[in-house]
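Subject: Structure handover

Hello,

Here is the structure for you to look through. My notes on what was found in it follow below.

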Amino acid sequence: MKGGIGGSLPAKRRWKGFVIAVLGLVLLSLLVPLVFLLGLHNGFHSSGFSTAQQSSSASGVRVYSRHSTAKNGSQSEGDESKHMDDLMRRLEPTFSKDIRENFVGEAENKTAGSPLLDGLPKERPRANQSTGAAAMHAATENIKGIDGSPMLDGLPKERSRANSTSVGAMHAATGNIKGIDEGEKLCELKFGSYCLWRRNHKEKVNDFTVRKMKDLLYVARAYYPSIAKLPALDKLSQEMKQNIQEFERVLSVTTIDKDLPPLIDQKLTKMEAVIAQAKACRVDCSNVDKKFRQLVDLTEDEATFHMRQSAFLYQLAVQTMPKSHHCLSMRLTVEYFRDPSPDIDQSLAERHLNPDLHHFVIFSNNVLASSAVINSTVMHAKESESQVFHVVTDRQNYFAMKLWFSRNKYMEATVEVLNIEDVKLDNNKASTSIHLSLPDEYRVSFHKVDKPSTTEYLSVFSHSHYLLPKIFHSLKKVVVLDDDVIVQRDLSDLWGIDMDGKVNGAVQSCSVRLVQLRKLFGSKRVDETSCAWMSGLNVVDLVRWRERDISGRYLKLVKEMNSEEAVTLRASLLTFQGEVYALDDKWVLSGLGHKYGVDSETVKNARVLHFNGKMKPWLELGIHDYTVFWRKFVDPENQFLSDCNIN
């Protein structure tokens with residue numbers, strides 16, 4: 001007996017442990033649905049007709065943070081948005097320079113927003129010789145060491161707010177802006193010339209029925225959660241669910257009316273009837289309102305994401321060298337080493353150093369662009385034999401330039417190609433640290449609460465321009481041309497201008513005065529009457545440049561501003577303060593790389609066309625109404641252009 005009783009105790013203990021484990025599992029199985037009934041499932045991803053929670057501020061203004069992960073909303077949408085925000089942030093230093101100045105009235109000057117620079121590339125779009133994935137890799141990896149940092153004013157937080165806030169938030173922050181183009185102005189402040197391009201290339205899409213389906217789906221999704229909670233409306237709930245799924249299926253593969261399946265009118269009628277029944281039912285209005293708000297937030301998030309994605313693709317397109325142009329440079333380089341160009345004639349070498357001739361300097365790494373500048377200049381010159389062009393490029397494009405200009409003649413003018421990396425400067429030693437930099441372009445926006453915002457595009461000298469007196473030590477005066485200009489009149493009158501002792505003859509942009517940008521300069525004194533000046537067409541007196549040590553003044557300012565933003569813009573404007581001779585505005589028509597709607601007669605009658613802006617004439621994104629004035633100076637019959645499919 002004892003032995004039997006003693007042997008049964010361990011078995012009872014084992015059964016007791018098993019029963020406890022089973023009870024624990026039962027309790028856990030009850031807790032899981034209980035958690036969902038309490039509404040804790042809102043933090044999980046929902047699919048189909050159910051949408052996730054999206055947070056909104058009390059004022060209805062949504063704020064996105066580029067540094068934090070979205071805690072609400074669709075998981076996949078949040079990941080995409082975060083990825084795009086991160087990509088845009090990393091690529092912003094390669095975007096166009098952007099200065100934004102907010103004015104809120106004289107009484108509130110102390111709280112007015114400071115100037116803001118957005119993205120400071122070392123070179124303009126054509127400087128990037130990469131294509132496709134290589135261009136993106138270069139843009140994302142080589143951020144540091146660029147001329148200027150992505151932010152000015154020492155306000156990265158300010159810049160983050162400007163870039164991560166929705167259009168509605170920007171509107172709320174700046175007040176009501178009068179004018180019919182209010183939305184476009186705000187868009188341009190945030191995304192630059194992309195908004196101008198989008199507005200002028202917007203296609204009319206026949207999607208009336210598709211949009212009606214989306215509206216009905218929007219309403220059905222808002223009512224469905226409340227209907228599904230009522231057992232008495234189970235049949236209506238199932239019917240609504242089926243209609244929602246059917247609409248989602250159709251809209252997933254359809255964007256325009258002509259792609260809609262047959263009998264779509266019947267589906268619309270059926271959905272309208274179901275929604276009418278749902279509206280007739282007594283449901284909790286607060287739940288429906290909450291669901292509507294969630295859907296609004298998600299829709300706005302999606303629209304913002306696609307806007308940022310489109311702006312990124314636009315920026316990538318305008319900053320990447322077209323494949324055909326890259327092909328041209330490579331083919332010319334290969335051909336140069338197959339058949340090297342002959343040594344330069346000694347008489348031509350003497351012309352390069354003769355100060356009595358008309359010398360033009362072009363900093364460029366684009367073969368076609370520099371060729372178009374020279375071709376347009378000599379074709380309108382009264383005496384082309386007195387013209388000498390110095391094309392300063394980098395090592396990568398030097399041999400392509402050499403071959404092109406040795407095989408193409410420009411009437412009686414002389415063309416010299418220089419590799420800036422091999423230029424001999426001080427102590428008769430070749431410089432090993434000089435790299436080609438092209439004129440820097442900035443987008444300056446003035447945003448006032450009581451007036452429409454204004455945007456101007458400026459281009460200024462780069463670091464390479466301050467080597468002019470050393471590179472051309474035997475010359476007294478040169479005319480500097482950007483490679484995005486086209487000459488339509490004779491320029492010989494420039495050599496007879498009396499510049500009143502000034503160093504730089506340039507067209508001024510008095511819509512942007514230095515005093516308006518005083519926050520850029522800190523404690524530096526600025527002349528209240530001085531205007532910003534433009535590169536593109538500049539008459540440079542090298543004798544006075546050397547006497548006043550303009551290069552030394554610039555380098556000193558650059559050294560002082562080494563840790564600050566927009567070094568090129570700040571130093572250039574301060575260096576030439578009081579040294580700029582204002583050329584007549586009729587000399588140059590600027591803005592043809594970003595400004596739509598310029599009268600064709602005005603363009604035709606201008607002396608010099610300046611395509612400053614993102615939409616350069618050699619890009620597919622160039623403004624068609626103006627690119628025709630550039631293409632006429634490019635020979636379409638050239639064999640190299642045909643081989644590389646350059647149209």
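Of the chain's 647 residues, 48% count as buried. Please keep in mind that this is a predicted model. The fold is built from 23 helices and 16 strands. The chain exposes about 33,100 Å², and 53% of that is supplied by carbon and sulfur atoms. Among contacts with a separation of 6 or more, 78% are between residues 24 or more positions apart.

Start with the inside. The largest nonpolar core has 71 residues, and those with the most contacts inside it are Leu328, Ile374, Trp404, Phe405 and Leu609. Helix H14, residues 367-379, gives the largest share of this core, with 7 residues. At least three residues of the core come from domain 1 (208-319), and at least three from domain 2 (323-644).

To see one member of the largest core in detail, select Ile374. Apart from residues up to four places away in sequence, Ile374 touches Ile362, Phe389, Val391, Phe405, Tyr410 and Val415. Phe405 is itself one of the residues with the most contacts inside the core.

Next, a loop residue. Ser462 is in the loop between strand S7 (454-460) and helix H16 (468-471). Is Ser462 buried or exposed? Its relative accessibility is 0%, and buried means under 20%, so Ser462 counts as buried. Which residues does Ser462 contact, leaving aside neighbours within four places in sequence? They are Ser437, Leu438, Pro439, Asp440 and Thr568.

Last, the surface. Phe18, Val19, Val22, Leu23 and Val26 form a nonpolar patch there, and together they have about 440 Å² of accessible area. Phe18 lies in helix H1, which covers residues 2-37. Why does Phe18 count as exposed? The relative accessible area of Phe18 is 52%, and the cut-off for exposed is over 50%, so Phe18 falls in that class.

When you open the model, a simple order is to view Ile374 with its contacts, then Ser462 in its loop, and then the patch that includes Phe18.

Regards

Notes. Residues numbered from 1 in each chain as written. Predicted model: local features only at pLDDT ≥ 70, side-chain atom pairs only at ≥ 80, totals over all residues. Heavy atoms only, no water. Core = buried A, V, L, I, M, F, W, Y, C linked by side-chain atoms within 4.5 Å. Buried < 20%, exposed > 50% of the residue type's maximum accessible area, 1.4 Å probe, protein only. Helix = DSSP H or I, 4+ residues; strand = E, 2+ residues; numbered from the N terminus. Domains from an automatic or database assignment. Contact = heavy atoms within 4.5 Å. Patch = residues over 30% accessible without salt bridge, like charges linked within 9 Å, V, L, I, M, F, W, Y side chains within 5 Å. Areas by Shrake-Rupley, 256 points an atom, 1.4 Å probe, with all protein chains shown as cover. Salt bridge = Lys/Arg side-chain N within 4 Å of Asp/Glu carboxyl O.
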